[in-house]
Amino acid sequence: MRISRIEFENFRNFKGYGEIKCSTDGKVTIIYGKNGDGKTTLHQLFQWVFYGSVHFNKTTSDTLYNLSFESEQAYNSTFQVMGRIDFEHMNEKYSLTRTITYRKELDSSSIINEELELNHLDSDDNWKRIERPQETIEKLLPSGLSEYFFFDGENMIADLRVKGRDSAKNLRKALYSIFDLDILESALGHIGNTDLKTTVLGKLYLSKGTISSGSDINATKTNIENAQNKIEEYESIIIDDETEKNAKKELISNISEQIGSTKSKEEYGLMSRFSTK
């Protein structure tokens, strides 16, 4: 789905009529603004136009009309809140409009009418009104996934201060869905480890032997660790023996050289006889 145009009138922070045009050529549209400029209001407008309801946090009111505009209306007069979103889906163009008519009363204004209209541009470039618009919207953009289509991190963070753990879970769930981390986590859980017989690695590990229970696995691991320790111990002994062996070889070599350089008694005897003659 690609949004091409957004229109609004007297919706919450938006007083009067406004329009935003978006590119549908595949590029990303970034909406930037300071606090209070209406970013959250725009997000709430999406929710309201598509599904007729808005998820408000506890730090804001649930009034849909602009309070400043409503205060300027005469008693018993009527006024409207309108939102319209033009969008493309599967190369088809649609225009969705939701309108609420209010009557100004003493304390507040009450709803006297609400309309939802969905139009589709046919092959002859004529706009045709679709019957049962909410059913079509549910097929195009299921309400159960709206939390991830219309991700409002600012509201979720604000809710963290009020709702704590529940909002933290929702924020985590949304982030995981956006970045496909839920798929990665599911895959890692499915692969698992050798301690769990129900996971891929667990089944593979068990299939390599006759081990069938967790206690057997732990016992086998202990035996493997003991064997590895023994191997390290023996390797250390072998190194020490090799060192001692090399030292003794060197000693034998030195002694042999000394013996070779020493004249025997027979040689000394012969030399003595030749010298006396």
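# Exercises on burial, packing and ring pairs

Arg103 is partly exposed, with a relative accessible area of 31%. On this scale, buried means under 20% relative accessible area, exposed over 50%, and partly exposed in between, with a 1.4 Å probe and protein chains only. The model is predicted: local features need pLDDT of at least 70 and side-chain atom pairs pLDDT 80 or more, whereas totals for chains, interfaces and linings use all residues. Residues are numbered from 1 along each chain as its sequence is written, and side-chain values use heavy atoms, without hydrogens and water.

## Exercise 1: The surroundings of Arg103

Task. Place Arg103 in the secondary structure and determine which residues it touches.

Solution. 
Step 1. Arg103 belongs to strand S4. Helices (H or I, at least four residues) and strands (E, at least two) are DSSP runs numbered from the N terminus.
Step 2. Contact requires heavy atoms within 4.5 Å. Leaving aside residues up to four places away in sequence, Arg103 touches Asn76, Ser77, Thr78, Ser108, Ser109, Ser110 and Ile112.
Step 3. With one of these, Asn76, the side chain of Arg103 makes a side-chain polar contact at 3.5 Å. Such a contact is a pair of N or O atoms within 3.5 Å; within protein, one must be able to donate a hydrogen and the other to accept it, and residues adjacent in sequence count only if both atoms are side-chain atoms.
Step 4. Between Arg103 and Asn113, 10 residues apart in sequence, the C-alpha to C-alpha distance is 9.5 Å.

## Exercise 2: A polar residue in a loop

Task. Decide whether Asn10 is buried or exposed, and state which backbone nitrogen lies 2.8 Å from a polar atom of its side chain.

Solution. 
Step 1. Asn10 sits in the loop between S1 and strand S2 (17–21).
Step 2. Its relative accessibility is 2%, so Asn10 counts as buried.
Step 3. The backbone nitrogen in question is that of Gly16.
Step 4. Beyond four places in sequence, the residues touched by Asn10 include Leu64, Tyr65, Phe69 and Val81.

## Exercise 3: The ring pairs of Tyr65

Task. State how many aromatic pairs the structure holds, then classify the pair of Tyr65 and Phe79 and that of Tyr65 and Tyr102.

Solution. 
Step 1. There are nine aromatic pairs. Rings of Phe, Tyr and Trp (its six-membered ring) pair if their centres lie within 6.5 Å; planes under 30 degrees apart count as stacked, over 60 as edge-to-face and the rest as tilted.
Step 2. For Tyr65 and Phe79, the ring centres are 5.7 Å apart and the planes stand at 90 degrees, so the pair is edge-to-face.
Step 3. This pair links distant parts of the chain, 14 residues apart: Tyr65 lies in the loop between H1 and helix H2 (67–71), and Phe79 in strand S3.
Step 4. Tyr65 counts as buried at 8% relative accessibility, and Phe79 does at 5%.
Step 5. For Tyr65 and Tyr102, the centres are 4.9 Å apart and the planes at 80 degrees, so this pair is also edge-to-face.
Step 6. Because Tyr102 is in strand S4 and Tyr65 in the loop between H1 and H2, the pair ties together parts 37 residues apart in sequence. Tyr102 is buried as well, at 4%.
Step 7. Elsewhere, ring pairs join Phe50, Tyr51, Phe87 and Tyr94 into a cluster.

## Exercise 4: The whole chain

Task. State how many helices and strands the protein chain has and what share of its residues is buried.

Solution. 
Step 1. The protein chain has 10 helices and six strands.
Step 2. Of its 277 residues, 28% are buried.
Step 3. Among contacts with a separation of 6 or more, 49% join residues 24 or more positions apart.
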